[in-house]
Amino acid sequence: MPNIAYPRASLYARQLSAAIALVLASAATPAAAQKAADMLRVQINADLRSSNPGVNRDDNTDAVLLHVTEGLVALKEDLSVGPLLASDVKVSDDGLTYTFTLRDGVRFHNGAAFTSEDVVWNWKRYLDPKTSWRCLPEFDGRGMTKILSVESPDPKTVVFTLDRPSALFLNNMARPDCGGSAIMHRDSVDASGQWQAPIGTGPYKMGEWKRGQYLELQRFDEYASLPGGGDGYTGGKQAKVKTLRYMVIPDSSSAKAALYSGAIDVYATASSADVPELRKRQDVQTVVSPSMNMVALLLQTQDPLLKDVRIRRALALSLDLPMIAQTVTEGMSEANSSVVPTSSPFYDKEQAAAYKRDLAEARKLLKEAGYKGQPIKMITNKRYPACFDSAVLAQAMASEAGINLELEVLDWATQLDRYGKGDYPTMAFTYSARLDPSLSFEMISGDKQKQPRKVWDDPDMAKLLAESMREADTGKRQAIFDRMHAAMLKEVPIIVLYNGTNVTGLRQGVEGYKGWAADKPRFWNVGFK
């Protein structure tokens, strides 16, 4: 094999954007001089898709709205699930009844008191297919369980009744991509049921939103925090600044220029490639933490070419996965071919089984499949450099085996829509953190007819996945996950590349910020020295 050096894939993109970065930085500099301790200015790389939690959403949308809304339960710092708007949760011996006792003293942003009727109203809305809630399949019987009823026997009690036990019922409630199953005041919709804006219970409330420019969240002075120190999305939330201003700056060079000039206080979407430069600056702090997110290549198993598993496997064997992880993340992440993150307690030697580059075997499989160099589109985007860089490297490596990948660069919103429709031959994609292996496998596997975004449609695996969601014994669950990983490597519906790293750049003087494996920036408890 020739000794090929794969260049930093996004270098030319940064060079091309340098002029734009300088213009934006110079335009922002006057604003930087006006910095006040009551406003924290945070960069985001794209505007929110909507203000409707868990409905029209992406990772940015989830992260921002979880400052505004809260659910009955939420993720703790260790990624376990704990009470939030509930003070206590009791589960019946048969696992079919969950009884939530609600906290006292909680109010919505409009001043209304929080009661059990609000929980019933929200869950009736979520379970209505017209809402298009992202996580409806997890609760309407298509997934792990079906909610038969949600009742409020008194103002401080809510009872959920399920049709079958689910070991992950609370985990799914707490999922950020589900909007945390936010409980909002019913005035969040108009009289006809049309969405207006979230009236939540969180430490911040919605402020001015100039689409494509910025979104402001305003401190909620009547916020009722759980006692104790900061604990994930649950305890110890204090809004230390009056205003959070999320500023839309898509280009990484422009974002860094804004950080260096003082036009923003937080570069929230920094990447591993930014770390060497950020660490050279005396006026910038760099926060780096491991992440459970996942960068992967999705393969459409219904594509005319890729429906042949030999071609999919040849693509996997053409890639030098350790080199991709090393190059894209500046050595901060290691290759991982499993959907189970390396930081998970379920990541064992079986999960560590991986594709190893074998160009001879790849060429042999292509020949057997009758592949003659037909172009295969790979969709990617530049909003997430990891996706673009991984796609460029995959294209170069695959060409050595004779696979003709053609990159199609889309804006992130368009790529996300194509992903949701399953409308692609292959794409470089990033998944947000899933906190249990069942949820990790669930995010990629399922019936494509019902959920086109699923990449792995295998009825046998669906049965195993359902079993893993019912099973409480850790050893038995591990055995299930190991079987599923081995089957995934054989069928190749997806090529997992690596788990990412959280990188955030902060101006000196900003204090209280902490990264965490859930890969969501949090700005309560964050202020200025």
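**Enclosed space and a buried serine**

The count comes to five cavities of 30 Å³ or more. A cavity here is a set of points, on a 1 Å grid over the protein atoms alone, where a 1.4 Å probe fits but cannot get out. The points are joined across faces, edges and corners, and a volume is the space filled by probe spheres set on them. This is a predicted model, in which local features need pLDDT of at least 70 and side-chain atom pairs pLDDT 80 or more, while totals for chains, interfaces and linings use all residues. Residues are numbered from 1 along each chain as its sequence is written, and side-chain values use heavy atoms, without hydrogens and water.

The largest cavity holds about 90 Å³. Its lining (residues with an atom within 4 Å of a point) has 14 residues, and Leu 66, Ala 74, Leu 84, Gly 180 and Tyr 233 lie nearest the centre. Strand β2 (residues 73–75) gives the most to this lining, with three residues; strands are DSSP runs of E, at least two residues, and helices runs of H or I, at least four, numbered from the N terminus.

The second largest cavity holds about 70 Å³. Among the residues lining the second largest cavity are Leu 75, Arg 175, Arg 434 and Leu 439.

Ser 438 sits in helix α12 (residues 437–442). With a relative accessible area of 0%, Ser 438 is buried (under 20%, 1.4 Å probe, protein chains only). Leaving out residues up to four places away in sequence, Ser 438 touches Leu 168, Leu 465, Ser 468, Met 469, Arg 477 and Phe 481 (heavy atoms within 4.5 Å).

Definitions and conventions
Buried < 20%, exposed > 50% of the residue type's maximum accessible area, 1.4 Å probe, protein only. 1 Å grid on protein atoms, 1.4 Å probe; cavity = no way out; pocket = protein on both sides within 12 Å on 5 of 7 lines; lining within 4 Å.
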